[in-house]
Amino acid sequence: MSDSEPFDIENPDAVAAAAETAVGQCLNVQPDETCVVVTDDRREPIGEALYDAALDVTEEAVIVRYPPGPQHGAEPPAPVAAALKAADVFLAPTSKSLSHTRARSNATEAGARGATLPGITEEVFTTGLDADYDDIAAECETMLEQVEGADEVRVTSPQGTDITFELGDRQWHDDTGIVHEDGDFSNLPAGEVFISPVNANGTYVVDGTIRPHGLLDAGQTVTFEVEDGYITDISDDAIRADVEEAAEQVGRNAYNMAELGIGTNIGVTDLIGSTLLDEKAGGTVHIALGDDAGIGGDNDAPIHMDGVLREPTVYVDGEEIDLPDVQ
């Protein structure tokens, strides 16, 4: 199923169980809290399941629906942004990601805690929420111990990746799926550590999942050239067109080297074509271009495009580190 297609729930019981995990274990919604579910016309079935689960906990639950955004990272309508900011807890299952938007970051900065579920499907929802999030949190902690305080990270791969990121004083973040404190934020499904670098140079070759293609075929790759923190060449016509469209609005900012992430979800054993789930797969690396203002950077763009590398080797200040092993 593509991001543009509506869908019907095939296994209501599994979806309800996943929604209960999200509302209970992950978000820890309390009876005296307000909870808003923000969804769109193409992800309403997941939104309704989360709304029902929230109503089982608190009477102060609402659902807000709006037309799908034009692309990932695009700002939602003002009433949606206001609803996110006003709630104690939010969940956002949408076809186009709200993770890297001012609306989301403004909400968490105001004290709301929440999770976005961009491009969520029934398969990703039921698979990704059937996980032990305490184990995922432990993997994140182990990875942070290896990368925090580093000056630079180099990533290579057999497909031709060789790129070095300069980190400056930027902070690493972890996405554990445990969202219990005011201002906490996570994707669901969860499982990664990530940073917005201050500079990058080299080449990265995506051989896993990337929009708009989804899961790349065996032997298919997309190559990105990076110089002084900006993408200078993209080998794929469709991806290049998406970035050029964003550049019509913000110019060079669309080509910004936005994110370096390491997957820590050891329960994800196979890539399925969903960026939301595949970028969390233990032992993978994902690299993103475009917006980074929501993850500790300073670049505004209406696009945030992740590409997943299946076979990375990661060096932190010159020393190879251990990546999570899938179960």
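**Entry 1**

I began at Gly-111, which has a positive phi of about 110° just after helix 4. The model is predicted: I required pLDDT of at least 70 for local features and 80 or more for side-chain atom pairs, while totals for chains, interfaces and linings use all residues. Residues are numbered from 1 along each chain as its sequence is written, and side-chain values use heavy atoms, with hydrogens and water left out.

I took helices (H or I, at least four residues) and strands (E, at least two) as DSSP runs numbered from the N terminus. Helix 4 covers residues 102–109, and I noted Ala-103, Arg-104, Ser-105, Ala-107 and Thr-108 in it as buried (under 20% relative accessible area, 1.4 Å probe, protein chains only). The cover over these buried residues includes helix 3 (78–86), strand 3 (89–94), strand 4 (113–118) and strand 8 (185–187).

**Entry 2. Helix pairs**

I next looked up how helix 3 meets helix 4. Their axes, which are lines fitted to C-alpha atoms over the stretch in contact, come within 8 Å and cross at roughly 25°. The two helices are therefore roughly parallel (angles under 35 degrees, taken from 0 to 180 degrees between N-to-C directions). Ala-81, Leu-84 and Lys-85 of helix 3 make the contact with Ala-103, Asn-106 and Ala-107 of helix 4 (heavy atoms within 4.5 Å).

For helix 1 (residues 12–26) and helix 2 (residues 44–55), I found axes 8 Å apart and an angle of about 60°. On the helix 1 side I listed Val-15, Ala-19, Glu-20, Ala-22 and Val-23; they meet Ile-46, Ala-49, Leu-50, Ala-53 and Ala-54 of helix 2.

**Entry 3. Nonpolar cores**

I define a nonpolar core as buried Ala, Val, Leu, Ile, Met, Phe, Trp, Tyr and Cys residues joined through side-chain atoms within 4.5 Å. The largest has 78 residues, of which Leu-50, Phe-125, Tyr-204 and Phe-224 touch the most other members. A second, separate core of 13 residues includes Tyr-66, Leu-84, Ala-92 and Ala-112.

**Entry 4. His-286**

His-286 is buried, at a relative accessible area of 0%. Its side chain forms a polar contact of 3.3 Å with that of Glu-259 (a pair of N or O atoms within 3.5 Å, one able to donate a hydrogen and the other to accept it; residues adjacent in sequence count only if both atoms are side-chain atoms). Beyond four places in sequence, the contacts of His-286 include Glu-192, Glu-279 and Asp-306.

How values were computed: Buried means under 20% relative accessible area, exposed over 50%, partly exposed in between (1.4 Å probe, protein chains only). Angles under 35 degrees count as roughly parallel, over 145 as roughly antiparallel, 65 to 115 as roughly perpendicular and the rest as oblique.
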